[in-house]
Amino acid sequence: MADFKIAPSILSADFARLGEEVENVLAAGADYVHFDVMDNHYVPNLTIGPMVCKALRKHGIEAPIDVHLMVSPVDRMIGEFVDAGASFITFHPEASDHIDRSLQMIRDGGCKSGLVFNPATPLTYLEHVLDKVDMVLLMSVNPGFGGQKFLPSTLKKLQQARKIIDDSGFDIRLEVDGGVGTANIGEIAAAGADTFVAGSAIFNTDDYKATIDQMRAELAK
Ligand code: DX5
Ligand code: ZN
C-alpha cells in the first residue's frame, strides 16, 4: 500500500484558537499541516503569512508544515517561509516569473519544493523540472476558498500525473487539494494520489480523530 499522508487544511480551522486546533488535529492522526497562503491578488481571498507559520513553530508544532503559496509574485515569500520553518513550499507556475529559479530557491533553503496545478493548468509545466520537485499538487477546485465541490476531471489528471511521476523515477509525492472527504478519498487514491488535503471535511466535524480514522479506513480498502 502507498505511504498515504493526510494534510488537514487549517483554512477551515478556528483561527481564534489556531495553536490548539493544530495540536488537536495532529493528535487526531494528521501527518502534515496544510497552510494556505492567499494574497487577494493571485486568488480572491486573504489569509495568513510567514508570521503565523513561525508562531506555530514557536508554539511547539513539530509536524511537517505544507505551505501552499497562492501568491504573486512568488519568490519574495519563499525566503520568508524558509525562515519561518516551512517543510514543503509549493507554488503555482503561472504565478512565478522563473519557475526553475523559484524551485531552486526552495531547495536551497532546505525545504521540499512543489508545483501546484489549477484544474485547467496543463501538466506540461512539469516536463523540464521533474528533477527539482518533491511534490506535485493538483487542485481539485479553483483555488481561493475552502468548502468547494471536488471537480471530477481531476481523477483523469491524477492518473496522468501518476504516470509522469512513476516514469520519471524520482521520489515525488502526488497531493490533491479541494473537496476531499471520506466519501471520495478512496477513488482519489485509486487514481494515484498519495497525499490528501482536507479542510472542511475535517474541521467542520466534531471529532477530528473519527474523521481521519474513517479516511484511513477508506484508504485501506
Ligand atoms: C483552496 C485551498 C484548500 C482548501 C481546501 O484554495 O488551497 O487547501 O482549504 O478546503 P476543502 O478541503 O474544504 O475543499
Ligand atoms: Zn491548499
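**Entry 1: His68.** In this predicted model, I looked up the contacts of His68 beyond four places in sequence and found His34, Phe35, Asp36, Val37, Thr90, Val116, Leu137 and Asp177. I then placed His68 in strand β3. I noted 28 other C-beta atoms within 10 Å of His68; the threshold for burial is 20 or more, so His68 is buried.

**Entry 2: the sheet.** I traced an open sheet of 8 strands, paired in parallel, in the order β1-β8-β7-β6-β5-β4-β3-β2. Its edge strands are β1 (5-8) and β2 (33-38), each of which pairs on one side only. For β2 and β3 (residues 65-70), I counted 6 bridges in the parallel sense. Met70 in β3 is the bridge partner of Met38.

**Entry 3: ligand 1.** I listed 21 residues around ligand 1, of which Ser9, Pro143, Gly146, Gly199 and Ser200 come nearest. I sorted the shell into 7 nonpolar, 12 polar and 2 charged residues. I also noted that β2, β8 (195-198) and α7 (200-203) each contribute at least two residues to this shell.

**Entry 4: the record.** I consulted the unreviewed UniProt entry, which lists under "binding site" a set of residues including Ser9, His68, Gly146, Gly147, Asp177, Gly199 and Ser200. I located Gly147 in the loop between β6 (135-139) and α5 (153-168).

Definitions and conventions
Residues numbered from 1 in each chain as written. Chains lettered and ligands numbered in written order. Predicted model: local features only at pLDDT ≥ 70, side-chain atom pairs only at ≥ 80, totals over all residues. Pairing = 2+ DSSP bridges. Helix = DSSP H or I, 4+ residues; strand = E, 2+ residues; numbered from the N terminus. Near = placed C-beta within 6 Å. Nonpolar A, V, L, I, M, F, W, Y, C, P; charged D, E, K, R; others polar. UniProt positions renumbered as here; feature names shortened; annotations may be inferred. Buried ≥ 20, exposed ≤ 12 C-beta atoms within 10 Å, placed from the backbone. Contact = placed C-beta atoms within 7 Å.
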